[in-house]
Amino acid sequence: MARISDNSGPARKRSKGDGEDDMERVALTADWDDISAGLRKDLGHQLHSQWIKPVQLGEFDSATGTLQLFLPSEFAAEWVRKHFADRLSLAWKIMRSEIKTVAIEVHPSRKRMADISLSDSRRPANDGPDLRVVPDGGFGDPGFSSVGLDASLTFAAFVTGDANVLARNAAQRMAANEKPQFSPLYIKAATGQGKTHLLHAIGHQFLGQHPRARIFYCSAERFMVEFVQALKQNRMIEFKTRLRGFDLLLVDDLQFIIGKASAQEELLYTIDHLLSEGKRLVFAADRAPQALDSVEPRLLSRLSMGLVADIQPADLELRRSILESKLTRFAPLSVPDDVVDFLARTITRNVRELVGGLNKLIAYAQLTGQPVSLQLAEEQLTDILSANRRRITIDEIQRTVCQFYRLDRSEMSSKRRTRAVVRPRQVAMYLSKVLTPRSYPEIGRKFGGRDHSTVIHAVKLIEDLRTRDADMDGDVRSLLRQLES
């Protein structure tokens with residue numbers, strides 16, 4: 001069996017070499033990323049976030065062709081079996097012919113811990129550390145389990161740049177020993193930019209400093225599901241008692257706290273209670289509090305009263321740093337600098353897609369024995385690249401280059417050959433080849449009807465100058481940032 005998930009689960013013996021097993025794990029993870037992305041398009045964000053996003057890969061038994069998919073609770077597993085089993089099975093069979101059956105189960109670690117009662121707040125101090133963290137798996141039903149946060153999502157693994165330094169510093173302050181200057185902390189970021197990572201990192205650091213702390217992590221959507229279930233089962237007192245007993249409350253995807261006014265009111269009272277007790281609260285959403293849909297004004301006021309920290313889209317330098325940080329996992333596999341630069345420049349929508357693209361490329365290279373190259377990246381990441389490419393035109397490139405070098409636009413097509421004109425023109429030709437799908441002859445025609453050989457010469461010259469001339473490399477990087485922003 002090849003174990004795919006890094007989460008705690010049943011032990012298994014490796015029947016393959018470590019390297020081959022790791023390659024298979026990376027490949028299956030990349031396939032799941034593709035399947036999950038397809039289901040997100042088919043089902044919409046809300047259904048996908050609630051039922052598909054929590055799925056974790058388990059083990060693949062090559063003897064029977066069975067792949068395990070884990071969910072955080074029996075309720076969730078049963079719901080996914082009933083509504084999505086056929087679709088998931090078909091998707092995996094299309095992706096990999098060796099997969100014959102998909103088994104949808106509750107994660108083993110959550111089964112083992114299902115007997116832990118979250119209401120046991122009177123445990124004696126000498127009874128050992130009380131490491132209780134409740135993730136997006138439930139807190140209103142004693143059948144729901146209690147497990148740790150994602151071990152990989154720590155502050156040490158979070159790559160910081162200008163785009164996210166405020167949110168990262170605020171998150172570290174929230175997790176520090178001393179009382180935070182602001183609460184709640186509200187992290188605003190688009191999908192895939194790192195807000196969930198920071199929530200988990202806060203939980204890890206806070207738990208490391210306060211091993212008996214009670215931490216609750218969930219999505220807003222899950223909060224509402226649990227609230228409705230407690231309401232139907234006449235267990236609201238138990239629900240409120242448990243919810244208000246936490247030392248740190250982490251709520252993700254708050255944009256889905258819509259619908260039932262009673263659920264919003266309960267969250268409002270919970271915020272007030274925890275703040276009055278000096279507890280810590282962190283929320284994350286893809287929009288500012290004032291932009292949340294159908295949210296009660298008093299709740300918006302509470303969400304805005306602390307600090308709202310933005311994570312901006314990662315710029316080119318941050319995207320490159322993130323890729324370089326991930327490459328250490330694949331040593332000694334070599335990934336050329338031009339491939340890293342290409343991915344960083346091209347996959348710009350969010351960090352999650354960027355890392356997913358790198359994982360898929362490396363998995364393909366390892367499984368086929370091919371070296372990682374620019375050509376391989378362009379061939380294997382077609383869907384990701386086409387979805388991320390903003391349609392930059394040659395006219396836009398010429399206009400931007402002329403503004404940068406303070407030239408008249410007509411110089412791009414003129415016959416003048418002074419250095420002050422020729423070099424910017426060559427830079428524009430180089431950028432036209434890098435940023436557009438146009439051929440050399442097509443580019444030449446946009447520059448006053450020049451021959452394709454002139455464009456080839458310009459592209460090679462600028463490529464060479466970038467390696468030898470720091471000023472030229474700086475100019476090109478600045479222009480790339482302007483054009484790709």
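At what angle do α16 and α17 pack, and how far apart are their axes? The angle is about 145°, and the axes are 9 Å apart. Here axes are lines fitted to C-alpha atoms, for helices over the stretch in contact, with angles running from 0 to 180 degrees between N-to-C directions. Helices (H or I, at least four residues) and strands (E, at least two) are DSSP runs, numbered from the N terminus. The model is predicted, so to speak of local features takes a pLDDT of at least 70, and side-chain atom pairs count only at pLDDT 80 or more, while totals for chains, interfaces and linings use all residues. Residues are numbered from 1 along each chain as its sequence is written, and side-chain values use heavy atoms, with hydrogens and water left out.

Back to that first pair. α16 passes α17 in a right-handed crossing; a crossing is right-handed if the near helix is turned clockwise from the far one by less than a right angle, and left-handed if anticlockwise. On the α16 side, Ile394, Ile397, Val401 and Tyr405 meet Pro424, Val427, Ala428, Leu431, Ser432 and Leu435 of α17, contact meaning heavy atoms within 4.5 Å. By class, that makes nine nonpolar residues, one polar and no charged. For these classes, Ala, Val, Leu, Ile, Met, Phe, Trp, Tyr, Cys and Pro count as nonpolar, Asp, Glu, Lys and Arg as charged, and the others, Gly among them, as polar. The loop between α16 (394-405) and α17 (419-435) holds Arg406, which is not a glycine and yet has a positive phi of about 60°. Most residues other than glycine have a negative phi. Arg406 is exposed, with a relative accessible area of 78%; exposed means over 50% relative accessible area, buried under 20%, and partly exposed in between (1.4 Å probe, protein chains only).

Zooming out, the protein has 20 helices and 10 strands, and 50% of its 485 residues count as buried. Of the contacts with a separation of 6 or more, 72% come from residues 24 or more positions apart.

Strand β8 (residues 248-252) is mostly covered, with five of its five residues buried. In a regular strand the side chains alternate between the two faces of the sheet. In β8 both faces are covered: Leu248, Leu250 and Asp252 are buried on one side, and Leu249 and Val251 on the other. β8 pairs in the parallel sense with strand β7 (residues 214-219) over five bridges, where two strands pair if DSSP finds at least two bridges between them. Ile215 has Leu248 of β8 as its bridge partner. β8 also runs parallel to strand β9 (residues 280-285), joined by four bridges, and here Leu249 stands opposite Leu281. In the loop between β8 and α9 sits Asp253, another residue that is not a glycine but has a positive phi, of about 50°. Asp253 is buried, at a relative accessible area of 6%.

Two further helix pairs deserve a look. Helix α7 (residues 220-232) packs on helix α9 (residues 261-276) at an angle of about 105°, with the axes 10 Å apart. α7 is therefore roughly perpendicular to α9; angles of 65 to 115 degrees count as roughly perpendicular, under 35 as roughly parallel, over 145 as roughly antiparallel and the rest as oblique. In the second pair, helix α19 (residues 452-468) meets helix α20 (residues 470-484) at about 115°, with the axes 6 Å apart. So α19 too is roughly perpendicular to its partner, α20, and the crossing is left-handed. Ile462, Leu465, Arg466 and Arg468 contribute from α19, and Ala470, Met472, Asp473, Val476, Arg477 and Leu480 from α20. This contact has six nonpolar, no polar and four charged residues.

Ala175 lies in helix α5 and counts as buried, at 0% relative accessibility. Leaving out residues up to four places away in sequence, Ala175 touches Phe155, Ile202, Gln205, Phe206, Gln209 and Arg280. The C-alpha atoms of Ala175 and Arg280 are separated by 8.7 Å, though the two are 105 residues apart along the chain. In the loop between α5 (165-175) and β6 (185-189) lies Pro184, joined to Ser183 by a cis peptide bond with omega of about 5°.
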